[in-house]
Structures are given as C-alpha cells and as structure tokens.
Amino acid sequence: MPDRPALRSQRLNQVTHAPHAELDALVKAHAPFDTRESFARFVVAQYLFQAELQPLYNDPDLVAIVPDLAQRCRAQQALLDLADLGTQAPAALRGPLQAPSLGEAMGWIFVSEGSKLGAAFLIKRAAALGLSDSFGARHLGEPLGGRAEGWKQFTRILDGLDLTAEEDAAAERGAVAAFARFTELLKHAYAVDAQLV
Ligand code: HEM
C-alpha cells in the first residue's frame, strides 16, 4: 500500500484512483461526443446519479456542514439537458444509497462534486455537438463561483470534519460505492432499448 495521505480528500482521491481511471475508459468507450444520441445516454446516467444523490444534497444535517450544498446539486440541470436533447427522463431508480451515515454520505458527495472537475473537459467536447451550459450540457457547466473555488471550498470543509476512524472508513466505502454506482448507471443507460433516447 502506498503511504496514506494526511488529508481526507487526498485519501479519497487515492482509493478512487483506479475506479476513476476505469470509469473514464468506460465513458470514452461509449464515445458520448460522437453523436447527440450517444451523449443523451451519458446524460441519462448523470441524471439518474444526481437524482439518487438529491436527498443528500437537501439533507438539513449535511447542509449544516456544507452551507451551499443544495445549490450544488445538478439533478435539475441534467433533467433540463434531457429535455433539450429530446430525451424522455427515465424514472429515478432506487439505488444503494439508503440512509447513509455521515461518512458514507460525504464520500458519495465527494465523487459527485469531484466529477465537476472532469466536466471542464467534457463540456468542451460537447460544444462540438452544438451543446453548452445553456443547452443540452447544462449539468457540465461551470458552477457559480468557479470550478476550482467550489472544489476548494468543499474539500476544505471535508478535510476539517472531525470524524471517527469508523466514519472515515465509511467515507472511503461511500466514495468507492459511488463510482461503482455511476458505472452501473452508465452501463444501464447505454444498454436500455431505444425508447429511452
Ligand atoms: C461520477 C464520477 C465521475 C465521472 C463520471 C468522471 C468522469 C471523468 C472523465 C470522463 C474524465 C476525462 C475527461 C477528458 O479527458 O476528456 C475525467 C477527468 C477528470 N476527473 Fe473525473 N469523473 C468523476 C469523478 C471525479 C472525481 C471524484 C474527481 C476528483 C476527486 C475527478 C477529477 C477529475 C479530474 C481532475 C479530471 C481531469 C483529467 C485528469 O486529471 O485525469 N473526477 N473525469
């Protein structure tokens, strides 16, 4: 095992490095930027992921920790993107994220917030399909206040949280589970029959 970084956010980075690389490869294998049809399937996965996370983004206990948490959720943007793309929104699925502990919840939110960093690259590619942060690729848009700043503020709060060793371990499990879930949703979005898109 490599050394364990001192900061929680860096430990989460470390344990999700391999799942991120695998997911990145899987996204690319589906060529979401080749056609709007393919991109719409990617947005279906993003929407389902954000819809599962929405209760966490609105959880009063979590909002007490991350004050702008509710505004960070992108379920609504993803839903609007689907409408822009002429794609019916799928019914939200019941995922594995049920009544998570604080650590677990923060691990999931870490992944969702971190995905806004990669989105900076993705939105540039979406532009070639005629999409933007005001049409079809809203959920990849720059958050209010900027990507880097939003991420810095989130990780500062995450790193400053006083968690027990058990809750820390739960955060790592949560982050790994979030990647597994996105991977599953992506496969689902590209596997389902044409009526979805
Ligand atoms: C659902 C979760 C995630 C998805 C679907 C996702 C997807 C992607 C994809 C497809 C790329 C490649 C962009 C390109 O090169 O065109 C990327 C890059 C990137 N992602 Fe993620 N990502 C996720 C979570 C995260 C998390 C948790 C972090 C940070 C903690 C992160 C940080 C980055 C960064 C910094 C890049 C830029 C290129 C690099 O350094 O590899 N992502 N992401």
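The ligand takes up the space of the largest pocket. By pocket I mean an open set of points, on a 1 Å grid over the protein atoms alone, where a 1.4 Å probe fits, with protein on both sides within 12 Å along at least five of seven lines. A molecule sits in a pocket if more than half of its atoms lie within 2 Å of the pocket's grid points.

Quick ground rules. This is a predicted model, where local features need pLDDT of at least 70, side-chain atom pairs count only at pLDDT 80 or more, and totals for chains, interfaces and linings use all residues. Residues are numbered from 1 along each chain as its sequence is written, and side-chain values use heavy atoms, with hydrogens and water left out.

Now the shell around the ligand. Helices here are DSSP runs of H or I, at least four residues, numbered from the N terminus.

What does the protein give to the iron atom? A single donor, His20 (NE2), 2.1 Å away. Donors are N, O and S atoms within 2.8 Å of the metal, or 3.2 Å for Na, K and Ca; water is not among the atoms, so sites may look incomplete. His20 sits in helix 2.

One of its polar side-chain atoms lies 2.9 Å from a ligand nitrogen. Gly114 uses its backbone: a polar atom there is 3.5 Å from a nitrogen of the ligand.

Back to the largest pocket. Its volume is about 760 Å³, counted as the space filled by probe spheres set on the points. The lining has 29 residues, and His20, Asp24, Ser115, Gly118 and Leu122 lie nearest the centre. Lining means an atom within 4 Å of a point. Helix 7 has the largest share of this lining, with 10 residues. The classes are 17 nonpolar, 8 polar and 4 charged.

Where does the second largest pocket have its centre? Nearest to it are Gln71, Arg72, Lys116, Pro143 and Leu144, out of 24 lining residues. This pocket holds about 460 Å³. Helix 8 gives the most to its lining, 5 residues. By class, that lining has 5 nonpolar, 9 polar and 10 charged residues.

Conventions. A polar contact is a pair of N or O atoms within 3.5 Å; within protein, one must be able to donate a hydrogen and the other to accept it, and residues adjacent in sequence count only if both atoms are side-chain atoms. Helices (H or I, at least four residues) and strands (E, at least two) are DSSP runs, numbered from the N terminus. Ala, Val, Leu, Ile, Met, Phe, Trp, Tyr, Cys and Pro count as nonpolar, Asp, Glu, Lys and Arg as charged, and the others, Gly among them, as polar.
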